[in-house]
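Trainee: I have just opened this entry and would like to find my way around. Could we go through it together, one question at a time?

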Amino acid sequence: MSVPVVLFTSDLRLHDHPPLRAALSGADEVLPLFVRDLAIERTGFAVPNRAAFLADCLAGLDAGLRERGGRLVVRTGDVVEEVCRAVTEAGSDEVHLSAAPSAYGHRREQRLHDALERQGCRLFVHDGVAHAVAPGEVTPASSDHFAVFTPYFRRWSQCALRAPSPAPREVRVPEGIGSEALPDRAKVAGTSPGLARGGEQEGRARLAAWLRDGVEAYEERHDDLAGDATSRLSPHLHFGTLSPVECVQRARRRGGAGADAFVRQLAWRDFHHQVLAARPQAATADYRDRHDRWRGAAARDDIDAWKEGRTGYPIVDAAMRQLAHEGWMHNRGRLLAASFLAKSLYVDWRVGARHFMDLLVDGDVANNQLNWQWVAGTGTDTRPNRVLNPLRQAHRYDPEGAYVRRWVPELRDVEGASVHEPWKLPGLERAGVDYPEPIVGLPEALERFQRARSNV
Ligand SMILES: Cc1cc2nc3c(=O)[nH]c(=O)nc-3n(C[C@H](O)[C@H](O)[C@H](O)COP(=O)(O)OP(=O)(O)OC[C@H]3O[C@@H](n4cnc5c(N)ncnc54)[C@H](O)[C@@H]3O)c2cc1C
């Protein structure tokens with residue numbers, strides 16, 4: 001009997017895993033394979049924070065397979081060559097894989113399809129593993145994708161979702177197929193000190209705790225920077241240690257306004273993925289060209305100050321320092337820090353997107369690049385020229401200043417909301433506080449941006 005290969009990519013779980021389920025339905029043994037793809041490592045995408053989280057996920061997947069009688073086979077190299085090699089070793093005539101929305105994912109599927117066909121092996125690409133609603137599943141009458149979220153969400157909400165499947169009880173893997181050692185998180189240098197732990201077990205525990213204790217207050221509290229009252233499930237969704245279908249189904253079963261608001265955010269994730277699947281060039285090119293002539297070399301010091309969290313705007317600096325420390329940032333922080341770079345400093349969104357991708361543990365091409373474009377006004381925002389005023393954002397979403405005091409220790413002794421405007425505090429410097437003056441005045445920043453955009 002043939003031994004199907006299941007190629008794991010960004011779907012590192014055993015629960016609700018259609019490719020694994022399909023492979024097991026017709027075979028006694030399967031070969032669970034993960035390839036450390038050198039093409040991805042060469043792009044610089046495998047940054048330390050994500051490499052460390054990935055190591056946890058692979059360890060978790062291997063442990064889960066071992067509990068069920070199997071194990072994970074890990075190889076390093078060209079993904080197509082390694083899959084073909086595994087197919088030969090196991091005598092497989094089927095390979096199962098989750099669909100990926102990126103241009104790279106499509107190329108990988110095509111290359112695998114062609115190479116496996118030459119070996120007399122069939123490739124099965126399964127949709128709906130990485131999404132609740134797969135890219136292309138709903139489209140407007142006149143286009144191949146939705147460019148506006150609200151009508152997308154209406155259609156998305158009407159889609160019937162499959163019932164999530166449990167993890168298999170048993171996974172038998174043939175003897176004698178060699179594997180490299182699993183990557184070790186402890187050996188990944190340069191990670192953020194407060195980086196979260198990965199793995200399916202961790203993800204499932206977090207989801208259960210979130211649905212039990214957190215989601216109810218999500219609608220009122222999701223923007224409360226200091227409250228930290230969002231799910232923090234994004235890295236698990238990115239690495240596929242959680243199934244989006246399962247998250248949506250369980251949240252709907254939980255019910256209530258908080259759960260509805262959470263499900264809506266999960267739809268945003270699918271929304272960006274369907275945009276990128278239809279317009280892969282949006283990963284680097286403006287989705288909507290606003291004829292921007294971003295500041296170039298003259299902005300270098302401003303860019304450095306932004307990256308280092310030393311812009312002189314405490315709320316922006318707090319967000320950037322949270323990113324450096326945790327490899328994760330609150331969504332409200334992402335919005336205001338990105339707006340500050342792209343609009344107040346008028347720096348190309350790609351510069352900021354790259355920096356986020358260098359650090360974010362949930363760094364995801366579709367969600368990062370398209371959220372950046374949304375904020376920069378080159379993406380799908382229907383109000384492209386809106387500018388988030390960092391002071392107004394600070395007073396609204398960190399009214400007591402607690403988020404700033406947590407992440408900007410120089411200001412930890414400043415009480416209340418006055419921490420948002422340290423330049424107004426008399427004697428701060430005399431008190432030995434080393435915190436910079438604002439690198440730009442907000443009125444002049446706004447004028448620069450409006451002038452630039454009105455030249456269109
Ligand atoms: C400039 C910028 C860059 C971003 N880069 C990324 C990224 O690389 N990867 C990423 O997963 N998210 C990104 N986001 C979206 C969002 O900030 C994060 O998904 C969210 O902060 C993760 O925290 P959470 O899991 O606690 O979210 P929750 O608020 O608990 O939301 C639940 C889930 O919904 C999804 N979600 C929430 N908001 C969004 C959104 N605006 N767009 C898409 N999906 C969303 C995420 O999968 C998230 O885990 C970015 C947002 C901005 C403004």
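Trainee: Which residues does Asp-362 touch, not counting residues up to four places away in sequence?
Mentor: Happy to start there, and keep in mind that this is a predicted model. Asp-362 sits in the loop between helix 15 (349–359) and helix 16. Leaving out residues up to four places away in sequence, Asp-362 touches Ser-234, Pro-235, His-238 and Trp-328.

Trainee: Is Asp-362 buried or exposed?
Mentor: Let's count neighbours: a residue is buried if 20 or more other C-beta atoms lie within 10 Å of its own. Asp-362 has 22 other C-beta atoms within 10 Å, so Asp-362 is buried.

Trainee: And where does Thr-230 lie, and which residues is Thr-230 in contact with beyond its neighbours within four places in sequence?
Mentor: Thr-230 is found in the loop between helix 8 (218–221) and helix 9. With 20 C-beta neighbours inside 10 Å, Thr-230 counts as buried. Beyond its neighbours within four places in sequence, its contacts are His-222, His-330 and Asn-331.

Trainee: UniProt lists residues for "binding site"; how far apart are the farthest two C-alpha atoms?
Mentor: The UniProt list, from an unreviewed entry, includes Thr-230 and Asp-362. The listed residues span 147 residues in sequence and do not all gather at one spot, because the farthest two C-alpha atoms are apart by 23.1 Å.

Trainee: Which helix gives the largest share of the shell around the ligand?
Mentor: Four helices each supply at least two residues of this shell: helix 9 (234–239), helix 11 (257–278), helix 14 (331–344) and helix 16 (365–376). The largest share, six residues, comes from helix 11.

Trainee: Between which domains does the ligand lie?
Mentor: The domain assignment gives domain 1 (5–127), domain 2 (131–164 + 201–278) and domain 3 (297–454). Two of these give residues to the shell around the ligand, so it lies between domain 2 and domain 3.

Trainee: How many residues does domain 2 bring to the contact with domain 1?
Mentor: The centres of domain 1 and domain 2, taken over C-alpha atoms, are 25 Å apart. Domain 1 brings 14 residues to the contact, and domain 2 brings 16 residues.

Trainee: Last one: how many residues does helix 11 give to the largest nonpolar core?
Mentor: That core has 119 residues, and those with the most contacts inside it are Val-5, Leu-31, Leu-33 and Val-83. Helix 11 gives the most to this core, and its number is nine residues.

Note on methods
Residues numbered from 1 in each chain as written. Predicted model: local features only at pLDDT ≥ 70, side-chain atom pairs only at ≥ 80, totals over all residues. Domains from an automatic or database assignment. Core = buried A, V, L, I, M, F, W, Y, C linked by C-beta atoms within 7 Å. Buried ≥ 20, exposed ≤ 12 C-beta atoms within 10 Å, placed from the backbone. Contact = placed C-beta atoms within 7 Å. UniProt positions renumbered as here; feature names shortened; annotations may be inferred.
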